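Have a look at the model on the screen, and then I'll walk you through a few contacts and charged pairs.

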Amino acid sequence: MIQTIPGAPETPNGIPEKAARLVYALYWSFTRVFSILAFLAAWEILARSGTFTHFQLPALSDGVERIWSDAVAGDLWINTALTLYRALAAFAICAVFGVIVGMAMSRSVIANWFFDPIISVGFPMPKIAFLPVVILWLGVYDVSKITIIVIDAIFPVIAATVIAIQGVERELIWSARNMGANNRELMTQVVLPAASPQIMTGLQVALPLSLIVAVVAEMLMGGYGLGGAMMTASRFANSTGVFAGIVEIAVIGYGLVKGMSMIRRRLLIWHQEANEPTTA
């Protein structure tokens, strides 16, 4: 007898189970990306219909052709590698120091007294306003770009870490204390594992933010990178190059977000959320 996936429509006799599972998986994969496919189709139709000029809205196919030509020439890989290097290097710094500062604020009165006003003032502030100062101090090269990304993306990590650790159930801490756990064991074996889902949420916010700020910094500072390539195309009124850059950034951002979701599920496989339905 053929077994069916729970929730899947029953398959007629004679269809192999693996084929039914494949059809079902493809069906749900299509439904998840239907809105994106519809948007891309509307883009191509509008561009080809004459509603917009080629300068205002080049066709998606023209953008894909431009991406392919950049890939063949090697410019795409150089610009993508530089943007990812800056974004991921800054994200790694944010992950390490953001969690450390958040842990210190949640466990030390002195650290909380020192950092809390800075976080309260800096979090809602548009940190890109520091860009002229960063340029004056550090120039327009990688160090300055990574610095402005860290300044912008570290705040969600710190805030998420503080909230997560402060929200750990007191009963867990009391139980660990009663069993003889010292401060290091309490932090590494009880508090951090219990707080890790919310900390991961902060990291999931910081990662796309790092990419966004990296692109903006490249646009404003110039040089190589996806943002710099888009600004170069804009200066030469190359609308196709600008929209091709938008597509490239969207694809890379989508990949980073999905990759981070996979890492989250892998690291939190022990957590109850791993058994809950997800649309990721």
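So, which residues does Val242 touch, not counting residues up to four places away in sequence? They are Met230, Ala233 and Ser234, where contact means heavy atoms within 4.5 Å.

Quick housekeeping: this is a predicted model, with local features needing pLDDT of at least 70 and side-chain atom pairs counting only at pLDDT 80 or more, while totals for chains, interfaces and linings use all residues. Residues are numbered from 1 along each chain as its sequence is written, and side-chain values use heavy atoms, with hydrogens and water left out.

Back to Val242: you'll find it in helix H10, residues 239-267. Helices here are DSSP runs of H or I, at least four residues, numbered from the N terminus. Ala229 is 13 residues from Val242 in sequence, and their C-alphas sit 8.1 Å apart.

Now the salt bridges, meaning a Lys or Arg side-chain nitrogen within 4 Å of an Asp or Glu carboxyl oxygen. The count is five. Glu44, Arg48 and Asp62 form a network of them. Glu44 to Arg48 is 3.0 Å, N to O, and these two are four residues apart in helix H1, so about one helical turn separates them. Asp62 to Arg48 is 3.6 Å; Asp62 lies in helix H2 and Arg48 in helix H1, so that pair ties together parts 14 residues apart in sequence.

Last one: Glu218 and Arg86, at 2.8 Å. Glu218 is in helix H8 and Arg86 in helix H3, so this pair links parts 132 residues apart in sequence.
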